[in-house]
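Let's take a friendly walk through the charged side chains of a protein model. Have a look at the structure first, and then we will go through it pair by pair.

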Amino acid sequence: MLRRTFLGLLGAAGLGAALGKPAHAAGAQHFQGYPGSFGVLFDSTRCIGCRSCEAGCNKVNELPPPPEPFDDLSVLNTKRRTHAWTYTVVNRYDNIPGAAGPVYKKWQCNHCLEPACASSCFVRAFTKTPQGAVTWDGTVCVGCRYCMIACPFEIPTFEYSEPLTPRIMKCTLCYPQITSGKLKVPGCVGACPVEALVYGKRSDLIKIARERFHTFPGRYLNQIYGEHEMGGTNWLYISGVPFSALGMREDLGVTPAPELTSGALATVPIVAAAWPVLLTGIYAINKRKDKIARQEEAQAVARAVAQAQAEAGAKLKKAMTKAEAEQKAAIEREVKRALEEAVKGQSQEGE
Amino acid sequence: MNTQNPAAKNSLLTPFNVTVGIIFLLGALITFLRFTKGLAGVTNLSDNNPWGVWISFDLMCGVALAAGGYTTSAACYVFGLKRYHSAVRPAILTAFLGYALVVFALHYDVGRPWRLPYPIFVQSGTTSVLFEVGLCVFLYLITLFVEWTPAALEWLGFRKYRNIIVKGTLALTIFGVVLSTMHQSSLGALYLIAPSKLHPLWYSSYIPLFFFISSIAAGLSMVIFEGTLSHHFLHHKMDRTYQSEHNEVVLGFSKGAAMVLACYFLLKLVGVALDNKWHYLLTGYGAWFLVELLGFVALPCFLYAITVREKNLKLAKYASILTVLGIVLNRFNVSWFAFNWQLPAADRYFPSWMEIAISIYIVTIGVLFFRFISTKMPIFYEHPEYREHAPHEGEEEEGPEFTEHKLHKHPQTFGH
């Protein structure tokens with residue numbers, strides 16, 4: 001029993017050591033993003049939906065040519081999303097109350113400050129770089145696609161047609177091109193003809209956005225999308241119409257994705273540590289209960305036997321004494337009778 | 001069964017074999033397509049819907065329905081309910097095969113299956129709930145394998161090794177319960193990271209608890225349900241102990257399931273109340289939620305209670321089927337029907353016939369393995385050389401070994 005308990009505890013300890021790390025990775029401090037990290041500010045009041053950014057992205061990332069050329073604006077008639085062959089798409093939103101004409105929104109990875117994809121990846125294939133980009137490492141990815149489940153912006157895409165070496169595809173903020181010096185700004189930003197996109201330090205972008213609010217009163221809603229959403233993102237958006245009218249989720253909250261699972265993960269080591277003790281305890285109690293039940297049974301049997309024996313002994317003794325007394329009485333009676341008869345005989349002889 | 005062609009009884013062309021043959025042929029064909037054309041060639045998965053029926057059914061339901069292994073062995077060895085001893089081996093075998101097939105199914109689903117050991121052996125993402133699921137399933141599969149080996153070793157006659165493993169029963173059982181607690185709940189916790197995608201009625205910070213508690217009900221119900229199936233098809237393989245204990249197992253497990261389902265029902269209500277989600281009950285999804293909660297949790301709970309009260313074993317069968325369906329429905333709701341609920345209908349997922357065929361193919365493999373092992377190895381009976389129970393009178397003559405030749409005559413007919 002002792003050895004089993006020990007083995008159980010050993011298992012728990014090993015598991016606790018293996019699983020203990022993730023709990024509350026975020027800690028008590030609120031992570032505000034890497035200082036000086038870069039991002040992009042998208043201004044929907046400037047975007048004209050020309051798809052130049054799509055073309056620029058396609059070119060610098062050497063993605064396959066699209067079925068329709070980038071100057072074909074009829075593709076804007078349907079709502080599109082990013083795919084393994086397009087890191088970014090622009091969609092047109094019509095008939096928005098309060099807007100003079102259509103409004104455009106560019107979609108790509110938002111490069112969260114605390115990315116859901118990185119938190120959810122069980123091989124740590126994603127990295128949040130101090131420069132701001134969220135990158136993906138193809139040498140470890142298993143292709144489980146949990147990052148796609150986790151991402152609140154539905155950004156990571158998968159090469160479903162690749163039978164053996166499918167990759168997760170998403171915007172890299174042109175991290176490889178910028179770090180190697182090939183590009184100064186991301187491909188989409190460089191291609192934008194109307195400066196709807198600004199590349200810069202995230203803290204500066206927030207300042208620029210606020211300045212625009214100030215400079216053009218009434219043109220913008222007083223909100224920077226991405227400043228706080230899901231803990232904040234390196235892409236930021238400003239707009240004159242509600243973001244929900246541009247298909248953007250406004251119900252995501254401000255909790256960074258890792259915090260959503262850290263509580264559940266924190267209970268794991270507790271289960272690993274407490275369960276073996278608890279279960280071994282239950283086992284031991286049951287075993288002891290059995291043992292005591294057996295002992296009590298044996299005792300009861302012994303008691304019953306002893307009692308029966310004692311009763312039988314007493315009975316026997318009583319019977320014996322009774323028999324003895326009777327015997328004694330019989331002897332006495334006989335002696336008495338013999339004496340009487342002897343006396344009688346003597347008196348008869350005397351007569 | 002073979003009224004049209006009695007001669008077919010002795011040939012290989014039994015309905016069972018033909019069905020299995022077709023399933024295997026399709027399975028092989030789709031397997032080939034999966035590894036030549038990619039997931040796009042066989043599935044309806046998309047960038048919006050990265051997880052389909054292979055996750056919803058093969059992983060989510062597979063793991064939940066294999067919970068009979070840890071519930072039964074814990075009841076017998078930890079909680080000291082020794083009269084359930086004969087139910088342990090079938091439950092362990094089912095769980096082992098279930099988990100093995102979960103891992104097998106994942107080889108179809110993930111992009112690079114040969115990298116499945118990577119999270120444990122190459123680079124661990126310890127902040128991921130999926131890492132915990134992976135590690136626990138990996139360790140539990142090994143545990144279940146070891147727990148199953150005594151049956152195989154008895155069959156092979158390796159007494160020494162068998163005795164060594166049997167000595168570790170308690171440690172293995174406790175390890176199994178710990179691992180099961182963690183990964184059953186973690187399968188639910190996978191969805192904690194996606195509050196914006198899962199419908200509020202199913203999303204809850206309690207979802208790990210829901211998954212764990214419901215897995216106990218699923219495990220107990222699977223033992224009852226499978227017991228009735230096995231009784232039908234594998235009766236000749238069962239010894240007196242199994243048969244005499246079976247009714248007690250059904251009643252005992254029904255009692256347990258009734259209580260666990262009642263607890264689960266209340267917890268689900270707490271989940272709705274906690275975040276004040278009552279108003280969602282009046283929507284279409286709310287009606288669907290109530291179907292699940294009332295029809296597949298409350299109703300089987302009630303039926304189980306009547307089963308125990310009236311000792312009505314037939315009712316236990318229906319209650320167990322209802323519970324198992326309810327767990328399947330719940331896992332489908334969380335991972336499929338109520339997931340991505342805000343997407344327009346055109347972007348929602350529906351499986352291709354090939355995805356369903358692969359799931360059927362995998363279940364068929366499981367059934368065949370179960371049948372093979374339970375007819376060859378001491379699963380439903382105790383090996384005469386390793387008895388723990390004193391044999392009942394007259395059992396020696398009626399033991400399953402006696403009917404062995406009968407089985408070998410028609411190994412293809414699954415039952416009469």
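A residue is called buried under 20% relative accessible area, exposed over 50%, and partly exposed in between (1.4 Å probe, protein chains only). This is a predicted model, in which local features need pLDDT of at least 70 and side-chain atom pairs count only at pLDDT 80 or more, while totals for chains, interfaces and linings use all residues. Residues are numbered from 1 along each chain as its sequence is written, chains are lettered from A and ligands numbered from 1 in the order in which they are written, and side-chain values use heavy atoms, leaving out hydrogens and water.

Over all chains, the structure holds 16 salt bridges (a side-chain nitrogen of Lys or Arg within 4 Å of a carboxyl oxygen of Asp or Glu). In one of them, A:Arg210 pairs with A:Glu227, with 3.0 Å between the closest N and O atoms. A:Arg210 sits in helix 7 of chain A and A:Glu227 in the loop between helix 7 (202–215) and strand 9 (235–238), so the pair ties together parts that are 17 residues apart in sequence. Helices (H or I, at least four residues) and strands (E, at least two) are DSSP runs, numbered from the N terminus. A:Glu227 is buried at 17%, whereas A:Arg210 is partly exposed at 39%.

Now turn to chain B. B:Arg83 and B:Glu248 form a salt bridge at 2.6 Å, N to O. Here the pair ties together parts 165 residues apart in sequence, because B:Arg83 lies in the loop between helix 4 (68–78) and helix 5 (85–109) and B:Glu248 in helix 11 (residues 240–274).
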